[in-house]
Structure formats: structure tokens, C-alpha cells
Amino acid sequence: MISTSNISLRYGAKKLFEDVNVKFTPGNCYGLIGANGAGKSTFLKVLAKEVEPNTGEVQIGIDLRLSFLKQNHFAYDEFEVLKTVLMGNPRLYQIVEEQDALYAKPDFSEKDGERASQLETEFGELGGWDAESEAGAMLEGLGVSTKTHGKLMKELDPAEKVKVLLAQALFGRPDIRLLDEPTNHLDIEAVRWLENFLFEFQNTVIVVSHDRYFLNKVCTHIADVDFSKIKIYTGNYDFWRQSSELNQRLMSEQNRKNTEKAEELKAFIRRFSANASKSRQASSRQKQLEKIDVSDMPVSSRKSPYVGFDPKREIGNDVVTLDKVSKTIDGVQVLKNISLTIKKTDKIALLGPNEIAKTALLDLLAGEIEPDSGTITWGLTTTRSYFPADNSKYFVEREDCQTLVDWLRQYSENKDESYIRGFLGKMLFSRDEGLKKPNVLSGGEKVRCMLAKMMLAGPNVILLDGPTAHLDLESISAVNEGVARFKGVAVFATHDHEFIQTSANRLIEIDGTLIDDQEMSYDDYLERRRLH
């Protein structure tokens, strides 16, 4: 078991936590959720005792071992892949290192032999004889092939490093696992493997994730970070969301009734307080008024933007046709002879492990780059808007673009400030926030600006490359719902299971060539893959 006692933490004037008392028990998986900046990752570091709180303490049961998913992808560059995973059990790894040093001694003594025997016993008790096979099986389950297990970490690409560090955090049956965004950069197969692994894990898991499907699949409880507190709810993410929305509505309705009652009492008191015959009743009403709680509901740190793409022009039957399109990037052919036709009813999710290929296809459709060969023919009624994976070029510093209002105005035919601010407000940029400089925005703020730009354009075709990056769960849900409601054509690439399942009616898998093209739900597609 792991628990906290009166944990408080401030950074300067910012209060992250105040008197947090929570308990995480074995056999449960807790999804730690909250708005961006609420302190989810910091709280995991507090639990791991990597960050010292201002007050309070973290209490971990005696002899319990805790593992923490590390985000430093360069910390193990000089170590072999398999050894990096074994480091997930520090004591086991120390024994292996000490054993190797002992057996390498040219003057191996009787005392060394006794120490080696002690280490062998402890090694066996810690499951050392099966350690390498267990670590290897984890790596292969996550998609890291056997041929890479002896390589140095620095020889791996970033996606493989992520998987190795995840295997390290999972290795050795720890009592408590702390996982910060474990599904980031994982492909479909690796995410499914992780879901099954955590589902069967019998000890304590605390996980931060923006993947709603993943939270629903693995979590038995939700730990909600809000109001500088952490409150634990039984159930998965969907159950928490439905319950919290119902609770907010009930609180709002009760607050409204209390306010109306208070106004009635005040009116009676004002009318009859000077009337001698009614003074006793007025006094009684005053006492009733004092008992009514008309305090405002607490303001949550959680806010939801509104995402709605309303086409200014209805789309015709001819959308776009690709005929034998090929593209080479940095000397590597990422697309070869891609031919497909997109219909006016299509909402297409691009699938496949090759991120460069998916981005290249979206860039081609958006007109950002030209094909090396083949043709792309758009229908005359189409109007396009693009959300690129890399939006940095849109936010370079400019003399004529000092505020977000200026930034968004350049993309609008209507230059009226109140009109521009209306779109910024939908993306949670209200009042003075509209005066922020575009070049100092956070990743999530830039995403919301790009969505405002797209909404302003009123396209009938939207192209989105990783639209949920840098967003919190509320914003991800808003984008998801906006695309699902959209009355036009959408083509998008995302790893968000829920997004694909609820928005796409057509799935296209590419990996250089066109691998598959199916009109079916994402869940059906995955089930078909599993059976084959």
C-alpha cells in the first residue's frame, strides 16, 4: 500500500496541492487525471520521493518495491537494451554486477566464494534465473525484436527507447508501479499488450494518461486532481465523467433553487419589515434566509473548449482522387503508387506504424508538398483546412502580429475584434488571454489556436495530423466530438483509440504502399486483425 498524509506543495505563488490525503491499495489500478498544469506528473514524482513536498509525507509499506516509468530517453544510452530492462529491479541488477565483478577477479579467494554463494541465494529468491527471459518476453511483447536486445540504447530510435523504458518500469513484479503517459508513441499492438499486462497485474498501479480508451480498459479507480486536492472515485474514466457531470448539474440546480428562494425571502423582508403586523413574519423570513446556502459552486481547474467545424459551402460528390501517387523524403520513398478515391461521406483514419508516411500523405492532400509522380485531383466544391503535426512555422515572432487577436485576424475575412475574440473564447482564450504573444504559447495553447483557425475557415474538408497532441482529456473529448459532428469530409491520423472508434467510418492503412482500405469500425478492424 502507498498513501499520503497532509501533502502540500507550492511553486512560488502557485499552489499545486494542499493537505492531500489519499490511499492506493493493492489489486487496483488508479488513473490520475486533471487539467494540464494541475500537477499530475509532479504528484507521481512526490510518490516516488523524487520531489519533496513542502508539508506532509508519503507512506509506503515496509519492504515494498516501487518502479517509476522514466521519461529521460538518454539516461541509459551507454547500456545494453536487456540490461536497461533488468535495472527495473535495482537490487537484482546490483547482484548481477557484483557477481560479474567477483568472478572476473584473477585472485578469487575463499571469502569471495562465500560472498558469491550469498549472492546466488539472494539472486534465486529475487527470481534471477528467469529474469533475462522475462525481460526479453516483455520487450518482444512491446515490439522490440530479439536482435536489438544486445544493442546499446543509443543505437535505438526514439520509439524503441520508449518501449525499453516502459519494459524497465514493468519488470520484476514491483509492488507499486507509477506510469507517466505509458502509451505515448506506442503502436496499436504495444498498447494492446500493455492493456492486457496491466489488467492481469495484481499489485498497485497509478497511471497518468490522456488515452481515454486505455483508462477505461485498465483502471478500477480514478484519482481526480482538482481544487488542489485529490479525490478517488471507484470505476473507470467513463463512469467518473458521467458521474461528475451529473453531480455538477445537481449542484447547479440546487444552487439555482437556493438563489431563487433567497430572493423571495429578501423581497418579503424588504416589503414588510416596517409593517408592525408583519414584523414577526419578516423576522422569521430573515432567519430562514440566514440558513440558506447560496454560495457559488467551486470553480474547477478543468475547462472544456468548444470545437465545431461548420462548412461555409456544401461539398459535392467529387472530393479527391489520388492516382499512383509516390513521394520520396530525405532519400527514402515513403509513399509508392498510392491510388484511392475519397467520397463525400468519408471520415478516414490513417493507420500504420510509419508516421512519416501518414504525415506525407496528409501534407500532399493539404498541398503543402507536391508528389514526385502521380496526380491528386480535388473536386471544385471542396475547401480544405489543415492541422499539421508541426505547427511551429505559424507561431514565429512577427512585428505585425503581437497578440492572439492579431494572429487569428490574419486568417479571417471579418476583421472585427469581437468576432475574432468569439473564436478565441471558444478555445478558452478569454479577455486578457487574447493579448498573449503567439510565440510564447505552450504546446496545448498552440493546438487550440490552430483549431480556432480551422473553425474560422469553415472548410468542408478537414485534414488532421495528431490533433490530440498536448491536450488534456477535456480538450481531447471536445476535438473528438467536433470531428464526429462535422458535416463534411475528415482525414486524420491519431493514436487515440476512442477518437478513431467514434469518428471514423473508413480505415486506410499505409506503410509505403496502401496496405488496407476498409469501411468498418475500429474495434471491428482490430478484432479482424487479431483473428488473422
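**Exercise 1. How do the residues of the lining of the largest pocket divide into nonpolar, polar and charged?**

Solution. The lining holds 17 nonpolar, 16 polar and 11 charged residues. Here Ala, Val, Leu, Ile, Met, Phe, Trp, Tyr, Cys and Pro count as nonpolar, Asp, Glu, Lys and Arg as charged, and the others, Gly among them, as polar. The model is predicted: local features need pLDDT of at least 70, side-chain atom pairs pLDDT 80 or more, while totals for chains, interfaces and linings use all residues. Numbering starts from 1 along each chain as its sequence is written, and side-chain values use heavy atoms, without hydrogens and water.

**Exercise 2. Which residues lie nearest the centre of the largest pocket, and which element gives the most to its lining?**

Solution. Start with the centre: Thr183, Asn184, His185, Ala469 and His495 lie nearest, out of 44 lining residues. Next, the elements: α6 (158-170), α7 (188-200), α11 (355-366) and α16 (497-503) each give two or more residues. Of the elements, α6 gives the most, with five residues. Helices are DSSP runs (H or I, at least four residues), numbered from the N terminus.

**Exercise 3. Are α3 and α4 roughly parallel or roughly antiparallel?**

Solution. Take the axes, lines fitted to C-alpha atoms over the stretch in contact, with angles from 0 to 180 degrees between N-to-C directions. Those of α3 (residues 90-103) and α4 (residues 110-125) come within 10 Å and cross at roughly 150°. The two are therefore roughly antiparallel (angles over 145 degrees). Contact (heavy atoms within 4.5 Å) involves residues including Leu92 and Ile95 of α3 and Leu119 and Phe123 of α4. By class, the contact has eight nonpolar, one polar and six charged residues.

Notes
1 Å grid on protein atoms, 1.4 Å probe; cavity = no way out; pocket = protein on both sides within 12 Å on 5 of 7 lines; lining within 4 Å. Parallel < 35°, antiparallel > 145°, perpendicular 65-115°, else oblique.
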